[in-house]
Amino acid sequence: MTMYPLAEEGVLVIDSGLMAHGLPFITPAMLEGQVPVWSAALDAWATDALARGAVDELAAFRTRAPGMPYAHPTVDHYIPLFITLGAAAHPDRPVRTTVEGYTIGFSKCSFQTAL
């Protein structure tokens, strides 16, 4: 269900976090800059789904996303993605990626929704 488009009210919705959030699985190599395969695979999958506006694909992350359950052992750091998409005027439209890269092996991808 789409939330009322908050942009019409002059409200900016900011969602913060990392696309992958498998803190229990951090390794010394990740602290030195290595990106684990499961983190990179999840990032590529989510970036592609966001670029296509594939909200249903993103919602099925537990069974469709690569890197599970390492990338998200719990849902609390993934669900805010849907708050941001739900606040967009057009959550099914492709997003614009504004920041890319990794920190401690986790994607720090940032995107802007269609207004």
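I looked up the contacts of F82, leaving out residues up to four places away in sequence, and found V55, L58 and A59. Contact here means heavy atoms within 4.5 Å. The model is predicted, so I kept to its limits: local features need pLDDT of at least 70, side-chain atom pairs count only at pLDDT 80 or more, and totals for chains, interfaces and linings use all residues. Numbering runs from 1 along each chain as its sequence is written, and side-chain values use heavy atoms, with hydrogens and water left out.

F82 sits in helix α5, residues 80–87. Helices (H or I, at least four residues) and strands (E, at least two) are DSSP runs, numbered from the N terminus. I checked the exposure of F82: its relative accessible area is 23%, so F82 is partly exposed. The cut-offs are under 20% relative accessible area for buried, over 50% for exposed and in between for partly exposed, with a 1.4 Å probe and protein chains only. I also noted D15, which is 67 residues from F82 in sequence and 9.3 Å from F82 in space, C-alpha to C-alpha.

Next I took helix α2. Residues 37–52 make up its 16 residues, and its first and last C-alpha are 23 Å apart, close to the 22 Å expected at 1.5 Å a residue. The expected span is 1.5 Å times one less than the number of residues. I listed its buried residues as W38, S39, L42, D43, W45, A46, A49 and L50. Residues three or four places apart in an α-helix point the same way, because a turn takes 3.6 residues. Just after α2, I found G53 with a positive phi of about 70°.

Rings of Phe, Tyr and Trp (its six-membered ring) pair if their centres lie within 6.5 Å; planes under 30 degrees apart are stacked, over 60 edge-to-face and the rest tilted. F25 and Y70 are edge-to-face, because their planes stand at 85°, with the centres 4.9 Å apart. This pair links distant parts of the chain, 45 residues apart: F25 is in the segment before α1 (28–31), and Y70 is in the loop between α4 (61–64) and α5. F25 is partly exposed at 31% relative accessibility, and Y70 is partly exposed at 40%.

I then checked W38 and F106: the centres are 6.0 Å apart and the planes at 50°, so this pair is tilted. W38 is in helix α2 and F106 in strand β3 (residues 106–107), so the pair ties together parts 68 residues apart in sequence. Both W38 and F106 are buried. I recorded F25, W38, Y70 and F106 as one aromatic cluster.
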